[in-house]
Amino acid sequence: MTAVKSIAVMTSGGDSQGMNAAVRAVVRSALYHGLEVYGIQRGYKGLITDDIRPMDLRSVGDIIQRGGTILQTARCKEFHLPEVQQQAADILRKRGIDGLVVIGGDGSYQGANKLSKLGIKTMGLPGTIDNDISYTDYTIGFDTAVSIVVDAVNKLRDTMSSHERSSVVEVMGRHCGDIALTAGIASGAESILVPEVPFEIENVAAQMKANFEKGKRHSIVIVAEGVGSGEEIAAKITELSGIEPRVTVLGHIQRGGTPTHNDRNLASMLGDFAVRKLIEGDSGKACGIIKGELVATDIDLVVHSKKTFNHELYELAARLAK
Ligand code: ADP
Ligand code: F6P
């Protein structure tokens, strides 16, 4: 027995590495269980314009290793409107699609929650590099984005050490400092600035000065974009200490490239899990992984909950980068 016979999958909002692996898992798991499966092009924009096509095993061949999303994605302001949400639900019903998997970030989850309240059986998969979704330890794309930042800081450390210079590296994460924190620990950054922890720029500048005085050959500050721009932080440090940090803004480099095996496997497990939950009759849930266990949490709770920042890890970073 299955609670759904025909499902659709879409990718929405900021893309992330591993979205293709998630789409592949949804399609292959659905076909394995005898469901019809459709791909919605360009997120909610494609949904409201009925840009929907049937998917088969070959539709998702040779994509597990590719960054980006074959279904593309889009920002779609009109989907905030109730009448547009109703139009989307009507399109799905007209096509006989009775289940929907939305792969995206917190904004996409808001849209999925609205469709759920309109009676569409929805499952959310956390597809964003920010790691800012509650009720999951990791989001799809986060591991790859962190690995890109760590690789970049490794390269910067070499040249900064040659010249005994300092560096300010701006990373993504509007409201969440997880990329900065996780990459900061892994790359031994001397300072990590995140939106969740207040700081005094005077202390950052003094710390950088002290680092060089005690013989360090480089000093690296990683700043999440939600704190401010790397250029502004560097200018303040120069004004306060006379040190002239070099600034690197990693930007959308963090959103491309082949997904790590962690993101591929997380995406594969969650994509298959979402399909099995829909078949079992579950819906209106956000899928995630907590302490290694796959979980499905009411999406209404998830969109109204804030991701908990790991202050312990933040303090560890401070203790170790001496
Ligand atoms: P992300 O999913 O990465 O956070 P956005 O915040 O851009 O990216 O959200 C993706 C899309 O989800 C938006 O372009 C819009 O179509 C839809 N969306 C976002 N917030 C809402 C909302 N409150 N209600 C309905 N739809 C929303
Ligand atoms: O939400 C993911 C994210 O990459 C953020 O970290 C970043 O601030 C934002 O998307 C960039 O949005 P866009 O790709 O639309 O410029």
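## Serine 167 and its surroundings

Leaving out residues up to four places away in sequence, serine 167 touches Leu156, Met160, Ser219, Ile220, Val221, Pro245 and Arg246, where contact means heavy atoms within 4.5 Å. This is a predicted model, in which local features need pLDDT of at least 70, side-chain atom pairs count only at pLDDT 80 or more, and totals for chains, interfaces and linings use all residues. Residues are numbered from 1 along each chain as its sequence is written, chains are lettered from A and ligands numbered from 1 in the order in which they are written, and side-chain values use heavy atoms, with hydrogens and water left out.

Where does serine 167 sit? Its place is in strand 6, residues 166–171. Strands are DSSP runs of E with at least two residues, helices are runs of H or I with at least four, and both are numbered from the N terminus. Serine 167 counts as buried because its relative accessibility is 0%; buried means under 20% relative accessible area, exposed over 50%, and partly exposed in between, using a 1.4 Å probe and protein chains only.

## Around ligand 1

Now let's visit the ligand. Ligand 1 is surrounded by 16 residues, and the closest are Arg75, Cys76, Asp106, Ser108 and Lys114; a residue is near a molecule if one of its heavy atoms lies within 4 Å of it. Which helix gives the most to this shell? It is helix 4 (residues 106–117), with 6 residues.

Some distances to oxygen atoms of ligand 1 can be listed here. For glycine 14, a backbone N or O atom lies 3.1 Å from an oxygen atom of the ligand. The side chain of arginine 75 has an N or O atom 2.8 Å from a ligand oxygen, and a polar backbone atom of cysteine 76 is 2.6 Å from an oxygen atom of ligand 1. On its own, ligand 1 has 550 Å² of accessible area, and the protein covers 85% of that. Such areas come from the Shrake-Rupley method with a 1.4 Å probe.

Is glutamate 231 buried or exposed? Glutamate 231 is exposed because its relative accessible area is 51%. Its place is in helix 8, residues 230–241.

Lysine 277 belongs to helix 9 (residues 261–279). With a relative accessible area of 17%, lysine 277 is buried. Neighbours within four places in sequence aside, lysine 277 is in contact with Met123, Asp282 and Ala296.

Notes
A polar contact is a pair of N or O atoms within 3.5 Å; within protein, one must be able to donate a hydrogen and the other to accept it, and residues adjacent in sequence count only if both atoms are side-chain atoms.
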